[in-house]
Amino acid sequence: MERWKGRVALVTGASVGIGAAVARALVQQGMRVVGCARSVDKIEKLAAECQSAGYSGTLIPYKCDLSNEEEILSMFSAIKTLHKGVDVCINNAGLAHNEPLLSGKTEGWRNMIDVNVLALSICTREAYKSMKERNVDDGHIININSMGGHRMVPSADEHFYCATKYAVTALTEGIRQELREANTHIRATCVSPGIVETEFAFRHHNSDPEKAAAVYESMKCLKAEDIASAVTFVLSAPPHVQIGDVQMRPVEQVS
């Protein structure tokens, strides 16, 4: 990770869970991390904690609604002005709504597509543009995917969500192929966790907190820090090594 010290990483959805853990880990490794979310209160608190802990990097909170392309473009413009550009893009932000395929509301489907698919794609495009403008040939794009991007969960509540994550799997491979065609050494990687104990289930099952709690009580789940460790592992790989997809799940997770 030595070569990443002082360089700039963007982490989307950095206020809680996996995003917050990844942001902390990269700051600890000496990176300048722009952490974005719709609300930055928790990111500001995390930034203060990182500073108090004496980490060599810096966490810069940035308010951005990833379902709004104008806000994403404004964020990249600000990063260019204040920090020259992005060297690492961690597309972590994602969400799920209980909207089955046969009875779901279009609004919920559209929101999942906007955040899980389009925002990821826009951030990737803008990050690559930033790298190319500055002749950065060793950047990295890491998409936080899901095991739901590799197999369908037997739950109607999650079928559309899984479809968006299947898209992330395809997009990451497409990005990798386009980077090769561009004759660059910028790399693209998926990190696909199984069940991680975060606020995700409580947001997903917001009308049924007992159901959400049961998800995490059923087994020893992954922790957000486990995913952050996977991200640092990917970033620390030698320049000639392309890690395409890291799939990880709790030992007790059946599917």
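Me: In this predicted model, is Ala-230 buried or exposed?
Reply: The cut-off for buried is under 20% relative accessible area. Ala-230 has a relative accessible area of 8%. Ala-230 is therefore buried.

Me: Which residues does Ala-230 touch, not counting those up to four places away in sequence?
Reply: Ala-230 sits in helix H8. Strand S6 (187-193) and strand S7 (245-248) are among the elements covering the buried residues of H8. Beyond its sequence neighbours, Ala-230 touches Val-191, Val-246 and Met-248.

Me: How far apart are the end C-alpha atoms of helix H8?
Reply: H8 runs over residues 224-235, twelve residues. At 1.5 Å a residue, H8 should span 16 Å. The computed distance agrees with that: 17 Å.

Me: Which residues of H8 are buried?
Reply: An α-helix has 3.6 residues a turn, so residues three or four places apart point the same way. Cover for the buried residues of H8 includes helix H1 (17-28), strand S4 (88-91) and strand S5 (140-144). The buried residues are Ala-224, Ile-227, Ala-228, Ala-230, Val-231, Thr-232, Val-234 and Leu-235.

Me: Which element gives the largest share of the largest nonpolar core?
Reply: This core has 39 residues, and Leu-26, Val-33, Ile-90 and Val-191 touch the most other members. Elements giving two or more residues include strand S1 (8-12), strand S2 (32-37), H1 and H8. The largest share is eight residues, and its source is H1.

Me: What is Val-33 in contact with, leaving aside neighbours within four places in sequence?
Reply: Val-33 is one of the core residues that touch the most other members. Its contacts are Ala-9, Val-11, Ala-23, Leu-26, Val-27, Thr-58, Leu-59 and Ile-60.

Note on methods: Residues are numbered from 1 along each chain as its sequence is written. This is a predicted model: local features need pLDDT of at least 70, side-chain atom pairs count only at pLDDT 80 or more; totals for chains, interfaces and linings use all residues. Side-chain values use heavy atoms; hydrogens and water are left out. Helices (H or I, at least four residues) and strands (E, at least two) are DSSP runs, numbered from the N terminus. The expected span of a helix is 1.5 Å times one less than its number of residues. Buried means under 20% relative accessible area, exposed over 50%, partly exposed in between (1.4 Å probe, protein chains only). Contact means heavy atoms within 4.5 Å. A nonpolar core is a set of buried Ala, Val, Leu, Ile, Met, Phe, Trp, Tyr and Cys residues joined through side-chain atoms within 4.5 Å.
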